[in-house]
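Here is a set of questions and answers for a first look at this structure. Keep the sequence and the 3D view open as you read.

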Amino acid sequence: MTANLLTLIIFVPLAGALAVALFADERSIWSASFIFSLIPLALSIFLLIIFNPGNNGYQFVERHTWIADFGVSYHLGVDGISLFLVPLACLLVSLTLLYASGGEIDHRPREFCFFVLILETGLLGVLLAVDLFLFYVFWELTLIPMYFIIGIWGSQRRVYAAFKFILYTMLGSLLMLVALVYMVLRARGFYGAATFELTDLLRVSFNHKEAVWLFTALALGFAVKVPLWPLHSWLPDAYSEAPTAGSMLLGGAMFQMGIYGFLRFAIPLFPEVARQAGPLFMALGVVGIIYGALLALTQSDLKRLVAYASVSHVGFVILGVFTLDRFSVEGAVYQLVTHGLSTTGLFMAIGMIYLRRGTRMIGELGGLWRPAPMLGAMFMVAMLSAVGLPGLDGFVGEFLVLLGAFFASWQAAALAVLGLILGALYMLWAYERVIFGPLAKPDASETTDLRPREVAVIVPLMALMLFLGLYPRPLLRRIEPSVIAFLARAHVAQPVELSSSGAKAGDLAAFGIVQ
Amino acid sequence: MMAGSIIDALEISWRPVFAPVVVVLTALAVMLVGSRLGEEESEGLGWLSFGGLVLATLCSLGAVGEHTLAFSGALIVDYYTAFFYCLTAACAAIVVLLSLDYVPALALPSTEYYTLLLMATVGMMLMAAAGDLIIIFLGLEMMSISVYVMAAISRRDPRSSEAGLKYFLLGAFSTGFFLYGIALLYGATGSIKLEVIARALQTPALAASPLVLLGLALMLIGFGFKVAAVPFHSWTPDAYEGAPTPVTALMAVGVKSAAFAGFLRLLLVYLTVLHVQWGWALWVLAALTMTVGNLVALAQDNIKRMLAYSAIAHAGYVLVGMTAGSAAAGAAVLYYLLGYACANLGAFAVLVAVERAGQPGTTLTDLGALAKDQPMLAAAMALFMLSLMGLPPLAGFVGKFYVFSAAIQAGYVYLVVLAALNSAVSTYYYARVIAVMYVSEGAERKLRPRGPGLLAALAVAVVATILIGVYPRPYVEMAAGAYASAAGFARAGVKAAFLSH
């Protein structure tokens, strides 16, 4: 059972996609795809339970030769960094399907379920692949389903947004491919045989010039996907033009891919360059935080507001990752999970408002609390999680990132805090205008509150937000060994030497975060 | 081949060329039967040609283990030849399947059509097997002249005549260049045999002589026309657009693969000594071909023109592999051509299925909302576009990957980066086809009933595009084996010649 656990998790959705393609009746399509998405969810929860937290290497490894001539193997594994992203992706796909079946996707449901399930296979493959070729295959596999989801079921400017999405990503990923091939050929000079194994490539020594170029190519591919300012311009269009279900997947389950690429590949492969480029990326992250927050303040469309908030939040994560400090990297990994939850929650809230009121414009909404208090409450929880209110999940990650960043550069941390304040401002202001105040239109008083299906989608999200906010230890305990291994690889030999000493673990305990 | 009598020599020599002979005989049979049958029974001729081509494909499989010179070295029959025999014969067979409905619908003269198709195939096969420059030339001409006529065969359609005329004029012009190149090379080395030329060029003084270099340059121009490399590509879009769609498929896949087969054997196998000289020329050609092909394809609204520019772009990627000039690159190019053939034939098959009688120019809007009317057809087209785009795990991706890695290995990193950027650009126009099928609204369409032949062709293309990509191993080995066999032949030939001196 556990021998092929990861393969099962990845390929059950694909099998589901093919099976769903055979159904004709709309109801059975929705229920079949939902059931198919529950299987990997159950399996990944099982994976969480039997994962050994003490081990900092890959677990549940599967390895078979695939294309021997190119040194490509089918090699899967999971470690503390990817462990929680897997069930998160499964959960979000299930919730998306459940949500979408409630009427948002009103035409061509079969194709929709097909693409969502293919996308799930791609996402899970990206998180679990240890072979770089396999990683690239899954990476590209996520592209096309999302292109269709935006292009077919999106709103007015959907075709434009879909093209922008695919062109940006392809540009980055093809440069990444060239870098991969170059690395593998160098590895061949090193080992005598081509290999795409991450573990093998980590031992190849590149000269500085090569390393700079290769890191740049990889970083470009990942940064487009993150997206890092100034490569973000596809994001507001894609997020806001996609159907709610697509935005949930984009903002909740796909934004991790780029960051994950940095954590798993770009930084460990070229630690020296990554350290040198660290300040640059931290600066770009901080610019992203402020820029995203400022633009979010000016948006009149709720969805674009959340899109820019996302730009701001991923800035935080990048800041955390490139601080290369134990606190901040753990915080960043934690944020990969929590930001996924809160963004999904926000997009869902907006989608529900849109279904009821037919608009996402802040100016045309108002006073929704009275007719729909549950909707308002749910929106509030998601919003507060995104803002980083203590007690909810967003706070933990942000706090850890800032803690680490203060050690590395107090200026960066100070600016990031400014971003936090702006974040509270644009979120609360938008919330106030949409939910409180007078009714924008007389018929708004007839707005219906949440339906049972919507409650079913929201409850798991809210429960997780609360749980992860109050009790982060189970996650951090499993993330930590892998983060330490990551940092050992990244050789943090920076002024904040104290951060890698034993004092740090004591600090963590002092904050009551890790025992 | 040491036998004394001519009869012995003939006996040994016929077996390896069995496949082209089968095609020639089929062509003759088509002519005979066609003269007896009325035009309305053209489908029978189609099936006859199809049978002959399938038989030829099977015969070429028999040539896989061969390692022979036939007709005193004019033909080389080895794994490489067998590979291209199979590729061209199978491609022609699929084109026949596409033509079964098409020929009667457009009232094309079926006897001439199928005979020309078969003779063009023989020309392609000769190019793949050529052991001397005259055979390359003969193959090139047999193929080209047949295809000129086929491009113009729809006599009622002025665009078809225009396509044929343009193709013919520019093609004939390029043949002149090519022939001139042959003459100069012959003058310099005293032989038309590739093997002897290769041996003669071992002398550095001769290799650097202006006669040789000019000859090489002229031959490159001739080949450049045939594979539609920029700046020799200007005939392509008009010819592709105007020709009947199955003929376009033949031009885009068969003609191009055959030209590359001859080109590759000449440059990468026999003229490796001159790699310094032709390497940079191909570098420039590759860079121009990819970039111009991709950029102009962005602006096309007619899907056949778009596929024409896409074919130009793909010739550019193949040229990237050839520029590298290594053994890995040779194998990569063969593999690439295989993947390219599957996706392109498939795409043209979809166009044939969508095309309405009397409206040969298929614009993008003609594909509008295809996903609603014909979900399977649209899904197949999307698959082919994704493979041409180079998306894993389809055949096009593995081909691109293989070519890129061969080129990087040979040190052409900048060229590969350019190719990668170009691929990114190409995403736009391929994705646009998908968008039109899935997103936009289209006019009501009445599709002609599709015969089993077309569906079979589509099924083969779909399965091959997926299979070659997901499980590339046997095909990679095949490509590597084929190229190694050609290279081994050349080495052995040069060595034997040295020993005999």
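**Reading the model**

Q: Which residues of α19(A) are buried?
A: The model is predicted, and burial here takes 20 or more other C-beta atoms within 10 Å of a residue's own. In α19(A), the residues that pass are Ala412(A), Ala413(A), Ala416(A), Gly419(A), Gly423(A), Tyr426(A), Met427(A), Ala430(A), Tyr431(A), Val434(A) and Ile435(A).

Q: What covers the buried residues of α19(A)?
A: The cover comes from elements of chain A. It includes α14 (271-298), α15 (302-323), α17 (373-387) and α18 (393-408).

Q: How many Å apart are the end C-alpha atoms of helix α19 of chain A?
A: Helix α19 covers residues 410-435 of chain A, which is 26 residues. At 1.5 Å a residue, it should span 38 Å. The model agrees, with the end C-alpha atoms 37 Å apart.

Q: Which residue with a positive phi follows α19(A)?
A: The phi value is near 75 degrees. The residue is Gly437(A).

Q: How many helices and strands are there in chain A?
A: Chain A holds a strand pair, β1(A) and β2(A), joined by bridges. The count for the chain is 22 helices and two strands.

Q: What is the radius of gyration of chain A?
A: For 515 residues, the globule rule gives 24 Å. The value for chain A is close to that, so the chain is as compact as a globular protein of that length. Its radius of gyration is 22 Å.

Q: What percentage of the residues in chain A is buried?
A: The C-alpha atoms of chain A fill a box of roughly 75 × 55 × 40 Å along the principal axes. Among contacts between residues at least 6 apart in sequence, 79% join residues at least 24 apart. Of the 515 residues, the buried ones make up 60%.

Q: How do β1 and β2 of chain A run, parallel or antiparallel?
A: Strand β1 covers residues 59-67 of chain A, and six bridges join it to β2(A). One bridge pairs Glu62(A) with Leu76(A) in β2(A). The two strands run antiparallel.

Q: Which residue in the turn between β1(A) and β2(A) has a positive phi?
A: The two strands form a hairpin, with four residues between them. The phi in question is about 70 degrees. It belongs to Gly71(A).

Q: How many of the seven residues of strand β2 of chain A are buried?
A: Strand β2 covers residues 72-78. It is largely enclosed by the rest of the structure, because the buried residues number five of the seven.

Q: Which helix gives the largest share of the side of chain A that touches chain B?
A: The contact takes 26 residues from chain A and 24 residues from chain B. On the chain A side, α6 (132-141), α7 (143-153) and α8 (158-191) each supply at least two residues. By class, that side has 23 nonpolar, one polar and two charged residues. The largest share, 14 residues, comes from α8(A).

Q: Which residue of chain B is in contact with Tyr147(A)?
A: Tyr147(A) is found in helix α7 of chain A. It counts as buried because 24 other C-beta atoms lie within 10 Å. Leaving aside neighbours within four places in sequence, its contacts in chain A are Ala162(A), Phe165(A) and Ile166(A). Its contact in chain B is Ala431(B).

Q: What is the radius of gyration of chain B?
A: Chain B comes to 21 helices and two strands. With 501 residues, a compact globule would be near 23 Å. Chain B agrees with that, at 22 Å.

Q: How many residues of α5(B) are buried?
A: Helix α5 covers residues 110-129 of chain B. Its 20 residues should span 28 Å, and the end C-alpha atoms are 29 Å apart, which agrees. The helix is mostly covered, and its buried residues number 18.

Q: Over which residues of chain A is the pLDDT below 50?
A: The mean pLDDT of chain A is 83, and 94% of its residues reach 70 or more. The stretch below 50 has 25 contacts beyond near neighbours in sequence. It is residues 492-515.

Q: What ipTM does the model score?
A: The mean pLDDT of chain B is 85. The model as a whole scores pTM 0.84. Its ipTM is 0.75.

How values were computed
Residues numbered from 1 in each chain as written. Chains lettered and ligands numbered in written order. Predicted model: local features only at pLDDT ≥ 70, side-chain atom pairs only at ≥ 80, totals over all residues. Rg over C-alpha atoms; globule rule 2.2 N^0.38 Å. Buried ≥ 20, exposed ≤ 12 C-beta atoms within 10 Å, placed from the backbone. Contact = placed C-beta atoms within 7 Å. Pairing = 2+ DSSP bridges. Nonpolar A, V, L, I, M, F, W, Y, C, P; charged D, E, K, R; others polar. Expected span 1.5 Å × (residues − 1). pLDDT = per-residue confidence, 0-100.
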